[in-house]
Amino acid sequence: MTNTEIIICSDVDELNRKAAEQFVALARQAIAARGRFAVALAGGSTPKGLYSLLATGEFSEQIAWQQVHLFWGDERCVAPDHAESNFRMVKESLLAKIPIPSENVHRMAGELAPLAAAAAYERELKEFFSPLEKNLPRFDLLLLGLGEDGHTASLFPGSSALNESARLVAPSYVEKLDAHRLTLTLPVINHGAQISFLVAGKSKASIVTEILRRETGGYPAARIQPARGQVTWFITQDAAGDLAMS
Ligand code: 6PG
């Protein structure tokens, strides 16, 4: 994978710091070039540390939040104040602590019926990124996590959303969780300029090895291969498994 870099970090603090430094650098570049920085945020638990670090004075003061637009790569189909909500997680770890205009925060409406929420978000993306290149929004940065089953965003193995090639946003029913979700689709993610995975913890070592060392295909995260973009894997030592020895 030519446009892929792997950064193995000693621990999650170093991972968060390196990812925060990348966020600041990309924000500066995008805002200088286009007057704005459009980011799709990852959900789950791993990114919380990065978002909290970005909210500290050390990093927040380096970011022109007025020109930053935050989107979500996926969302659980729950209310925005629900414990499972990715919006709530970001609000608590980041939004509540930074001077970002409310109109720059583009959450997925998890409280709506999945199809309606997906369609509404698609409209919002088309409006914000207009004029679209090749009918696709081009995010400056997409942050992604990695599940032990190789899922990323809410693109789970066997999910119909994985094969969605027309929609920008798709509903995704996750059978094993008995949960409805919303997710950006592969064409959108693979149209991004910079995609950064945040992977921590020894429970991820096996799937990391499968995807990055054995290059076993088929996993949703292995299908993140941007045509005109860079992929960075920020991985902690304990998640890197024998990758760290190579
Ligand atoms: C979500 C995420 C999901 C997550 C992985 C890893 O909404 O949960 O989009 O793809 O990134 O499941 O989750 P952890 O960071 O909690 O291990």
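Predicted model: local features only at pLDDT ≥ 70, side-chain atom pairs only at ≥ 80, totals over all residues.
## An enclosed helix

Which residues of α7 are buried? They are Ala-205, Ile-207, Val-208, Thr-209, Glu-210, Ile-211 and Leu-212. Three are strands: β1 (4-9), β8 (194-199) and β9 (230-236). Helix α8 (237-240) is another partner.

After α7 comes Glu-215. Its phi is positive, near 50 degrees.

## The whole chain

Now step back from α7. The chain holds eight helices and nine strands. Its C-alpha atoms fill a box of roughly 45 × 40 × 35 Å along the principal axes.

Of the 246 residues, 54% are buried. Take the contacts between residues at least 6 apart in sequence: 77% of them join residues at least 24 apart.

## Surface and charge

The chain exposes about 10,700 Å². Carbon and sulfur atoms supply 49% of that area.

How far apart are the mean positions of the positive and negative charges? There are 24 positive and 28 negative charges, and their mean positions are 3 Å apart.

## Gln-22 in helix α1

Gln-22 sits in helix α1, which covers residues 12-34. Is Gln-22 buried or exposed? Its relative accessibility is 14%. The cut-off for buried is under 20%, so Gln-22 counts as buried.

Which residues does Gln-22 touch, leaving aside neighbours within four places in sequence? The contacts are Glu-5, Leu-141, Gln-194, Ser-196, Thr-232 and Phe-234. With Thr-232 there is also a polar contact: the two side chains meet at 3.4 Å.

## Leu-182 in strand β7

Leu-182 belongs to strand β7, residues 179-184. Its relative accessible area is 0%, so Leu-182 is buried.

Leu-182 also shows how sequence and space can part ways. Leu-182 and Asp-74 are 108 residues apart in sequence. In space, their C-alpha atoms are 5.3 Å apart.

Methods:
Residues numbered from 1 in each chain as written. Heavy atoms only, no water. Helix = DSSP H or I, 4+ residues; strand = E, 2+ residues; numbered from the N terminus. Buried < 20%, exposed > 50% of the residue type's maximum accessible area, 1.4 Å probe, protein only. Contact = heavy atoms within 4.5 Å. Areas by Shrake-Rupley, 256 points an atom, 1.4 Å probe, with all protein chains shown as cover. Lys, Arg positive; Asp, Glu negative; His and termini not counted. Charge placed at Lys NZ, Arg CZ, Asp CG, Glu CD. Polar contact = N/O pair within 3.5 Å; in protein donor to acceptor, adjacent residues only side chain to side chain.
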